[in-house]
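Dear colleague,

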Amino acid sequence: MLVYGKNSCEEILKNRKNIKRVYLERNFKEKSIIHLIDNLRINPIFMTKYELDELAEGNHQGIIIDVGEFRYCDIDEIIKEKGFLVILDHLEDTHNFGAIIRTCEAAGVDGIIIPKDRSVSVNSTVMKTSSGAAVNVKICMVTNLVQTINYLKNKGYWIYSSSMDGKNYTSFDYKDSTCIIIGNEGKGVSDLVKKSSDFVVSIPMIGKINSLNASVAAGIFIYEVVRQRKS
């Protein structure tokens with residue numbers, strides 16, 4: 001997988017994870033990144049901007065790193081006492097995924113769970129959109145969300161599905177082990193997943209638009225959990 005952009009590549013270099021090659025634009029001058037490359041004793045491959053454009057699908061900002069495939073963690077690696085998890089129910093947009101990863105990292109979420117099929121996965125765009133936060137967040141890929149939800153329940157987690165037909169999200173207590181589910185951009189949380197949840201929660205809509213972008217909704221829910229736990 002190719003990771004590009006200064007922020008994403010800097011996180012990769014700081015974590016020293018699976019670095020195969022580093023490609024730099026010939027006039028690259030970001031001193032902090034060059035210092036990290038030197039400390040790791042990596043010999044970068046210098047290229048023209050045009051050559052880097054051919055490698056990257058987006059704005060590379062003069063640096064591309066070739067890393068190994070993203071390592072998804074096992075679910076037991078993210079289960080904790082009074083833990084906080086986020087499940088994404090067949091999210092499809094890479095930019096939404098990257099933004100949610102970034103929010104989860106900033107909020108100290110223990111991990112993100114995604115389904116294996118019909119769902120966005122960690123790729124170059126997600127790494128760029130998350131500003132490299134995907135390197136610092138544990139992400140678990142599972143084959144069956146309902147089975148995973150039941151497993152989490154047995155581990156003491158309360159499961160909250162976000163949906164327009166739920167109760168006000170601020171009326172719940174999130175201080176115990178909590179798992180919030182964010183649904184697909186168009187279809188929302190699936191009926192089976194919703195039925196498997198303990199609670200269905202909703203963000204009140206005052207304006208004429210009746211729904212929020214998935215990453216915005218995730219941010220609102222996540223920081224309500226953070227607010228309650230710090231109060």
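Does K194 count as buried or exposed? Please keep in mind, while you look for the answer, that this is a predicted model. K194 counts as buried, because its relative accessibility is 19% and the cut-off for buried is under 20%. You will find K194 in helix α7, which covers residues 191–196. If residues up to four places away in sequence are left out, K194 touches S161, S163, D165, V189 and V200.

Next come two residues whose backbone angles deserve a careful look. Most residues other than glycine have a negative phi. Q61, however, is not a glycine and has a positive phi of about 60°, and its place is in the loop between α3 (49–55) and β4 (63–67). K82 is also not a glycine and has a positive phi, here of about 55°, and this residue lies in the loop between β4 and β5 (84–88). With a relative accessibility of 33%, Q61 counts as partly exposed, and K82, at 49%, counts as partly exposed as well.

The other finding concerns aromatic rings, of which the structure holds seven pairs. One of them is formed by W158 and F199, a tilted pair with 5.9 Å from centre to centre and 35° between the planes. Because W158 lies in strand β8 (residues 158–168) and F199 in strand β10 (residues 199–202), this pair ties together parts that are 41 residues apart in sequence. W158 counts as partly exposed at 39% relative accessibility, and F199 counts as partly exposed at 29%.

Another of the pairs joins Y160 and F172, and it is edge-to-face, with 5.8 Å from centre to centre and 80° between the planes. Here Y160 lies in strand β8 while F172 lies in the loop between β8 and β9 (178–182), so the parts that the pair ties together are twelve residues apart in sequence. Both Y160 and F172 are buried, whereas W158, as said above, is partly exposed.

Methods: Residues are numbered from 1 along each chain as its sequence is written. This is a predicted model: local features need pLDDT of at least 70, side-chain atom pairs count only at pLDDT 80 or more; totals for chains, interfaces and linings use all residues. Side-chain values use heavy atoms; hydrogens and water are left out. Helices (H or I, at least four residues) and strands (E, at least two) are DSSP runs, numbered from the N terminus. Buried means under 20% relative accessible area, exposed over 50%, partly exposed in between (1.4 Å probe, protein chains only). Contact means heavy atoms within 4.5 Å. Rings of Phe, Tyr and Trp (its six-membered ring) pair if their centres lie within 6.5 Å; planes under 30 degrees apart count as stacked, over 60 as edge-to-face and the rest as tilted.
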